[in-house]
Amino acid sequence: MNERQPPVPDPRDRIHTYLERSGLAATSPRVVPLTGDASDRRYYRILVPDAPSIVLSLYATPFAFDRLSFVNVARLLAEMPVPIPAVLGHAEDIGVLALEDLGDVTLQAHLGAASPGEHAALYRQAVALIATLQRRGAELASPSYIPFGIAFDVEKLTWELDFFIKHFVEAYRGVLIAPAAREALRDEFATVIERLAAEPRVLCHRDYHSRNLMLHRDRLYIIDFQDARMGPDTYDLVSLLRDSYVDLPEQTVDELIAYFLALKGDGAAEREFKPRFNLMALQRNLKALGTFGYQTTARRNPVYIQYIPRTLRYVRTNLEHLPGLGRLRDLLASHVEEFG
């Protein structure tokens, strides 16, 4: 029988313990809760007098530092190098990781105050980082890094679309799907999944969007990279350009795709690339709807409801650009009218 994990202390106690151990408690720092992400981690900014602030990431359970996926992937990205927050300390037994504080300005937040020129420059910078991840990922591939041993394979992609059915269609929209209709829908999904899983794989961040890119010291830093894995070369670009949190004009999307292909030295491949981009966008946006449904119904977190209409619009657009998936569109529309 497996032994149960010891209970993790209250966050305030864990923070106090870390500050005592690190010697920071003597400076009487101020602790400020930060808005978290869709995970079960909690974040706190530690404001230290006459010193740079730090961020404490509190995990749900204790961890082994050298086996933590965030730490493993951080080592890989630092070797490239691409800008990421530095790991400043840790306390395994209480599940605390101390990180460099990158501030509060995400790419999403900055866009509201950016001029068109600044907006364009930041997105080109973000696209260039994807190209670096793919190029240096191929050069640094090693079994010592977790992402090279996991992938967007048939099993993973299937799980994500089943997650969409369960948490968006059934739980969030309250639709009861008959067994025959469910099987028909999964059969159509299988066609999409097989095509995506068969593509050559590159290193993918997995959640490369405007809320996981921080503007710090006049450049973008990548965060929330612990789920990196291998997948299609379209994946991170889809995450960025079909972002549930930001609207981008279609002309901008096309220009940034062309820029990405030029960086890869593959500028002539745009005609072939765009259909693959649209297919990847379909799968990822359906997965995003599953996540939003789960957060709303299972986690009782309504903040993601506001992003559902944009994501639904992306799915409709993707299906319009993929005429071979007419039956899938009809099946989706028969259960959720916005897909029609």
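Author: Two strands pair if DSSP finds at least two bridges between them. Strands themselves are DSSP runs of E with at least two residues, numbered from the N terminus. The model is predicted, so local features need pLDDT of at least 70 and side-chain atom pairs count only at pLDDT 80 or more, while totals for chains, interfaces and linings use all residues. Residues are numbered from 1 along each chain as its sequence is written, and side-chain values use heavy atoms, with hydrogens and water left out.

The strand to look at is β3, residues 54-58. One of its partners is β2, residues 42-47, and the two run antiparallel over five bridges. Six residues separate β2 and β3 in their hairpin, and aspartate 50 there has a positive phi near 60 degrees. Another partner is β5, residues 96-100, which also pairs with β3 in the antiparallel sense over five bridges.

Valine 55 links the two pairings. Arginine 45 stands opposite this valine of β3, and in β5 the bridge partner of valine 55 is leucine 99.

Now the cover. Buried means under 20% relative accessible area with a 1.4 Å probe, counting protein chains only; exposed is over 50%, and partly exposed lies in between. Five of the five residues of β3 are buried. In a regular strand the side chains alternate between the two faces of the sheet. Ile54, Leu56 and Leu58 lie on one side of β3, with Val55 and Ser57 on the other. Both faces are covered, as these residues are all buried.

Terms used: Helix = DSSP H or I, 4+ residues; strand = E, 2+ residues; numbered from the N terminus.
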